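Please look over the sequence and the model below with an eye to charged side chains. The briefing that follows is grouped by pair.

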Amino acid sequence: MKTKQMTEDYMKTIYILSKEGNVRCFQLADRLAVSRPTVSISLKTLAEDGLVYFEKKAVHLTAEGLKIAKAVEERYQVLYRFLRNLGVSAEIASRDACKMEHVLSDESFFALRSLEQSTSVCV
């Protein structure tokens, strides 16, 4: 069963890995700590949803997939910086930001991002 969090995790992970070159299924399995068959099934669903496509044994984001990936990554970065500036350790801030990026409302996210942009509290 596909969930919003699963979709966002895949989009973000593909986006991050693509900065280093072509993204292969085994890389996703390793990074997401799931089996290769799970990755194959998930990618098939994401391709059917128009979020990814395959070319030369590599997975790529479509324009819509890239839009989702960038939005999730931005949420993560804002939340991570906010937590770090509150004194949370890097490990816990990373873990918590990864969880929070999926459930934070747009209103709350925009407020946090606005706070970060307008003050030095989150810089």
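This is a predicted model: local features need pLDDT of at least 70, side-chain atom pairs count only at pLDDT 80 or more; totals for chains, interfaces and linings use all residues.

Which side chain meets that of E8 in a salt bridge? The partner is K4, with 3.2 Å from N to O, where a salt bridge is a side-chain nitrogen of Lys or Arg within 4 Å of a carboxyl oxygen of Asp or Glu. Residues are numbered from 1 along each chain as its sequence is written, and side-chain values use heavy atoms, with hydrogens and water left out.

- E8 and K4 both belong to helix α1 (residues 4–18) and are four residues apart, about one turn of the helix; helices are DSSP runs of H or I with at least four residues, numbered from the N terminus.
- E8 counts as buried because its relative accessibility is 11%, whereas K4, at 52%, counts as exposed (buried is under 20% relative accessible area, exposed over 50%, partly exposed in between, with a 1.4 Å probe and protein chains only).

**Between helices**
- K12 and E101 form a salt bridge whose closest N and O atoms are 3.0 Å apart, linking distant parts of the chain, since K12 is in helix α1 and E101 in helix α5 (residues 90–103), 89 residues apart.
- Both K12 and E101 are buried.
- E74 pairs with R113 in a salt bridge, the closest N and O atoms being 2.9 Å apart; E74 lies in helix α4 (residues 63–85) and R113 in helix α6 (residues 106–118), so the pair ties together parts that are 39 residues apart in sequence.
- E74 is partly exposed at 33% relative accessible area, and R113 counts as partly exposed at 24% relative accessibility.

Technical notes:
Helices (H or I, at least four residues) and strands (E, at least two) are DSSP runs, numbered from the N terminus.
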